[in-house]
Amino acid sequence: MESSNSPGGAGGGRREATRQKLYEAAVTLIAEQGFSATTVDEIAERAGVAKGTVYYNFASKSVLFEELLRHGVGLLTASLRDAAERTAEAGGSKVDSLDAMVRAGLVFIDRYPSFTQLYVAELWRTNRAWQSTLMVVRQEAVAVVEGVLREGVEADELSEEIDIGLTASALVGMVLVAALDWQAFQPERSLDDVHAALSRLLQGRVSGKP
């Protein structure tokens with residue numbers, strides 16, 4: 001996320017590092033005790049900065065959390081897009097690209113489990129100030145999957161009967177829920193194992209293979 005300073009300058013780098021510390025502190029605390037119970041003082045203490053530093057970077061705790069959601073889903077979207085582009089450059093099919101995105105999603109969730117738990121929980125709350133922002137960034141992630149599905153239909157790799165919007169949402173939801181279930185109830189399974197299971201489901205349901 002860009003700061004008001006030059007990204008290449010020392011000031012910009014320091015501010016980005018501080019904001020990253022605040023994101024990590026906020027997501028950890030809110031995952032542990034909830035948004036309402038988490039105070040700015042606690043976020044500052046966990047991040048190792050002064051309370052005023054929080055307000056210098058973010059106008060309020062709500063703004064911090066909204067930007068945290070935007071930042072985290074932005075990282076997820078970028079990882080999905082990169083996986084699809086790398087697969088296409090290597091000559092893979094659109095189903096291969098979808099499979100690469102499934103793995104990229106699992107890798108992201110494995111790296112940021114607390115953020116993923118918060119993101120999924122917030123999707124179902126309608127009384128939050130950041131609800132509209134969350135819907136926008138969610139759609140950005142889903143749109144990456146929609147784009148690959150649409151290209152697959154246009155290239156006759158996928159059936160034109162596919163409901164692109166619903167299928168994209170279902171694929172993203174499948175990865176999120178399966179990954180959270182894996183971490184909570186089947187942590188002994190490896191990422192490769194979970195990916196293989198989802199890959200078989202993807203190959204059978206989306207590509208039309210038996």
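This is a predicted model: local features need pLDDT of at least 70, side-chain atom pairs count only at pLDDT 80 or more; totals for chains, interfaces and linings use all residues.
Local features are reported for residues with pLDDT of at least 70 and side-chain atom pairs at pLDDT 80 or more, whereas totals for chains, interfaces and linings use all residues. Residues are numbered from 1 along each chain as its sequence is written, and side-chain values use heavy atoms, with hydrogens and water left out.

**Enclosed space**

- Rolling a probe the size of a water molecule over the atoms shows where empty space is left.
- On a 1 Å grid over the protein atoms alone, a cavity is a set of points where a 1.4 Å probe fits but cannot get out, a pocket is an open set with protein on both sides within 12 Å along at least five of seven lines, and lining residues have an atom within 4 Å of a point.
- Grid points are joined across faces, edges and corners, and a volume is the space filled by probe spheres set on the points.
- The count comes to one cavity of 30 Å³ or more, and the largest cavity holds about 140 Å³ of space.
- Its lining is made up of Leu76, Leu80, Leu98, Met101, Val102, Gly105, Ile109, Val145, Leu171, Val172, Val175 and Leu176.
- Helices (H or I, at least four residues) are DSSP runs numbered from the N terminus, and α4 (61–89), α5 (94–111) and α8 (164–185) each supply at least two residues of this cavity lining, with α5 giving the most, at five residues.
- With Ala, Val, Leu, Ile, Met, Phe, Trp, Tyr, Cys and Pro counted as nonpolar, Asp, Glu, Lys and Arg as charged, and the others, Gly among them, as polar, the cavity lining has eleven nonpolar, one polar and no charged residues.

**Helix α5**

- The expected span of a helix is 1.5 Å times one less than its number of residues; the 18 residues of α5 should therefore span 26 Å, and the end C-alpha atoms are 26 Å apart, which agrees.
- Buried residues (under 20% relative accessible area, with exposed meaning over 50% and partly exposed in between, for a 1.4 Å probe and protein chains only) of α5 include Leu98, Met101, Val102, Gly105 and Ile109, and these residues also belong to the lining of the largest cavity.
- Lys94 and Asp99 are likewise among the buried residues of α5.
- Ser93 caps the N-terminal end of α5, where a side-chain oxygen lies 3.4 Å from the backbone nitrogen of Val95.

- The largest pocket has a volume of about 240 Å³, and of the 14 residues that line it, Gln20, Glu24, Val27, Tyr112 and Phe115 are the closest to its centre.
- α1 (10–33), α4 and α6 (113–123) each supply at least two residues of the lining of the largest pocket, and α1 gives the most, with five residues.
- The lining of the largest pocket divides into eight nonpolar, five polar and one charged residue.
- The second largest pocket holds about 200 Å³ of space, and among its lining residues are Tyr119, Trp124, Arg138, Val172 and Leu176.
- The lining of the second largest pocket divides into nine nonpolar, two polar and one charged residue.

**The loop between α7 and α8**

- Leu158 lies in the loop between α7 and α8 and, at 5% relative accessibility, counts as buried.
- Asp156 lies in this loop between α7 and α8 as well, but counts as exposed at 70% relative accessibility.
- Asp156 has a positive phi of about 65° although it is not a glycine.

**Aromatic pairs**

- Rings of Phe, Tyr and Trp (its six-membered ring) pair if their centres lie within 6.5 Å, with planes under 30 degrees apart counted as stacked, over 60 as edge-to-face and the rest as tilted.
- The structure holds seven aromatic pairs, including a tilted one between Phe35 and Phe65, at 5.5 Å centre to centre and 40° between the planes.
- Because Phe35 lies in the loop between α1 and α2 (40–47) and Phe65 in helix α4, this pair ties together parts that are 30 residues apart in sequence.
- Phe35 and Trp130 form an edge-to-face pair, because their ring centres are 4.9 Å apart and their planes at 70°.
- Trp130 lies in the loop between α6 and α7, so its pair with Phe35 ties together parts that are 95 residues apart in sequence.
- Phe35 is buried, with a relative accessible area of 12%, and Trp130 counts as buried at 2% relative accessibility.
- Ring pairs also link Phe108, Tyr112, Phe115 and Tyr119 into a cluster.

Key: A polar contact is a pair of N or O atoms within 3.5 Å; within protein, one must be able to donate a hydrogen and the other to accept it, and residues adjacent in sequence count only if both atoms are side-chain atoms.
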